[in-house]
Number of protein chains: 2
Amino acid sequence: MAETLRVGIAGLGTVGASVVRVLKEKEAELTRQCGRSITVTAVAARDKNRDRGIDLSGVEWFDDARALAASGKIDVFVELIGGANGVAREAVEAALHAGHHVVTANKALLSQQGLALAEIAEEKGVLLNYEAAVAGGIPIIKTMRESLAGNTINRVFGILNGTANYILTRMEQEKLSFEDCLADAQRLGYAEADPTFDIEGNDTAHKLSILTSLAFGTQISPDDIYLEGISNITQADIQAASELGYRIKLLGVAVRTESGIEQRVHPTMVPTASVIAQVHGVTNAVTVETDILGELLLSGPGAGGNATASAVIGDIADIAKSRPGFQHGPVFGRPARELTPYQRARMRSHEGGYFIRLTVDDRLGVFAAIATRMADNRISLESIVQHASNHAGEGQKTIILVTHETTEAAVRKAVEDITADGHLTDKPQVIRIERAA
Amino acid sequence: MAETLRVGIAGLGTVGASVVRVLKEKEAELTRQCGRSITVTAVAARDKNRDRGIDLSGVEWFDDARALAASGKIDVFVELIGGANGVAREAVEAALHAGHHVVTANKALLSQQGLALAEIAEEKGVLLNYEAAVAGGIPIIKTMRESLAGNTINRVFGILNGTANYILTRMEQEKLSFEDCLADAQRLGYAEADPTFDIEGNDTAHKLSILTSLAFGTQISPDDIYLEGISNITQADIQAASELGYRIKLLGVAVRTESGIEQRVHPTMVPTASVIAQVHGVTNAVTVETDILGELLLSGPGAGGNATASAVIGDIADIAKSRPGFQHGPVFGRPARELTPYQRARMRSHEGGYFIRLTVDDRLGVFAAIATRMADNRISLESIVQHASNHAGEGQKTIILVTHETTEAAVRKAVEDITADGHLTDKPQVIRIERAA
């Protein structure tokens, strides 16, 4: 049997403590699976005296994660500190330069520095594994990096943020407002005091940027993504969607188009009967659409100490099964130096179906005027619902349009025209529709 | 760059031809991903002159798959012949003994001979990959063998047969009889002329037996599985299920219990709002439930030349990324010699909820008599529906009972008692309910 794999862990929050505990509890089983034992030999964290409910006897303590990373006493450096810069980045760089494998759950670090880190890892011939960085315990990185070899990916999309999905699920199931659901999510610890990052889509965008690189062999561009959050989604939208056979999800979507790659995060209508529409609460899901395989969906826990630890341990086990001299597959599926620049498709050229909700004066001719504007912009309609909904005020009514495939530019122009006509009594709502099996 | 990986393919049906075509078409991309090129250098099939729409120039032809398997001119032997014995088995054994890696899509071979083959592969230090053998293009083998390291699996279940799921989907969506749907499936090529293997659950059982071994570290026991097919499912069942918030799927289920492992294949009620309930038509899905991660579901194409080829190519690419001297993870997750004997839990001790549909004489007191028999057997009821359904004949009515968690033994006894009481005018229907998120 090969020598023990020596693991150093930096960051002992919920995930780190869970990794330490599981590696100990499942030691015999992991040894059987990997053909060698895995031992946590060193850790680094801020407070040495805090009780984390784990046994650290015999484990070397480092106050500085960077010193642990560069130490000769480990084979794998596990980074669970967080943040795109500062200690996390410096420690990961130090570990790679020292020739250590690295496992990280840090999506911010990867989306900002992934390319540079991948170059170092590939030059040094070590593994940089990051299954936990996207969709928690769901093995989407391994699937895209390994299982889908030979497949050309045309689209990848998913529910990548548990907080946003929790809020949308409760809004739908309990007919509550966005504000009430957010407050509840904060009370239950599913949402931060400042929830912007989750509900405005930034977190989803970080994760999506990593999937995009894996899918299309492009350099990661986390800041060049179309972004729209869920804070303006109302009960009126959710109920109208439901009547028309749709459910609203915050999706991250990356699609290969003729003019480049669309990367977008926005509230999205998916068919109620689709698999992804049943992904509720804090659960995550990712769908990959390829030329050979077709549509593959993975769903499971997207966050939480244990689910994240599961992905981290899977990554460590892969390293334990490897041996010196093993040539590893590239970090982002293709060699980092061969990743092509990301060419962004213009959002205005996005093609798809649209849901449009308009609140208008209940006057003769308004409906005809709207229909005319849609026709002017060559938008063909799949369904039109007009009713005196209780969401519209007195003397007003709601008109809901679902379009056939059209372009973002046409829809924006039509809505501008309708707004200019002066019929609207409230802000128009436009939600994109995404095909899903 | 390392030397080309030389691939020999035995069996050039739909899958084999697709593998040859994709390896050629995606050669440059696969080389980028694997760090070496992958070339089909030899093939074996029955008819050399058949037009398969693929270019075999420069590829050595073998009439005998066993000769190809033992040839010194290949590094990987891909077995796409099929069958648990005969040429497929002999060729795979020959390849392993010759020190070649093996990729196979052959579920029958693995479920019958997997243990013996794994022992040879592990002794020889070569890979035996079989992603395509279970659930087609869905990467469930890699997920269970690699990603879930450190997780203790408590339950694995799934829709593993596209033909059966296609029939159940059409029965539900179009209110057709089992017989009509089967005839259609045969016309469309989704079902064989003799459909027994698919609709009676044998195919599902083969696949389940492989997942059970991976899940629980036990030896494969394909012939020791409780089996019940879908041929006795009627519109009455499907509609009653729907009224009560359930959908009927043919599931393969393996669960760890106190008295051993339950392996069972049967029509199953799953909640209509669950993710797996939305898996329609020929699509497959597998759910794995673990102590650390929780519930993970994968869904995608379960059959077809391209989907299967995708899994085969993923397996070949993994071998291309490995290098001589690399110590591979064991074939079934744990070393073959350490797999424990499969201890079967008795079906009578199965615990769960049950759906029971009874057709009875429409007489005073019958309902009370049935309720009493359920109480006698200590079965508590979640819901009771009694209606003069159009599925029951004149002067008869249908009673549907949904039980809380109880045992198979209690349910069988209660149904026996009710039958003995003489109230039933038709065969009673009993369908197990499975929890699913």
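This tour walks through the interface between chain A and chain B in a predicted model.

Residues are numbered from 1 along each chain as its sequence is written, and chains are lettered from A in the order in which they are written. Local features need pLDDT of at least 70, side-chain atom pairs count only at pLDDT 80 or more, and totals for chains, interfaces and linings use all residues, while side-chain values use heavy atoms, with hydrogens and water left out.

Select first the residues in contact (heavy atoms within 4.5 Å): 54 residues come from chain A and 55 residues from chain B. The two chains bury about 4,500 Å² between them, 55% of it on carbon and sulfur atoms; buried area is the accessible area (1.4 Å probe) lost on putting two parts together, summed over both. Within chain A, highlight Arg32(A), Gln33(A) and Ile292(A), which lose the most area to chain B, together 14% of what that side buries.

Next, display Glu29(A) and Arg334(B). They form a salt bridge (a side-chain nitrogen of Lys or Arg within 4 Å of a carboxyl oxygen of Asp or Glu), with the closest N and O atoms 2.5 Å apart. Between chain A and chain B there are 8 salt bridges.

Helix 2 (27-34), helix 6 (140-147), strand 12 (295-301) and helix 12 (305-321) of chain A each supply at least two residues to the side touching chain B. Helix 12 of chain A gives the most, with 8 residues.

Finally, select strand 12 (residues 295-301) of chain B, which runs antiparallel to strand 12 of chain A and is joined to it by 3 bridges. Here Ser299(A) stands opposite Leu297(B).

Terms used
Helix = DSSP H or I, 4+ residues; strand = E, 2+ residues; numbered from the N terminus. Pairing = 2+ DSSP bridges.
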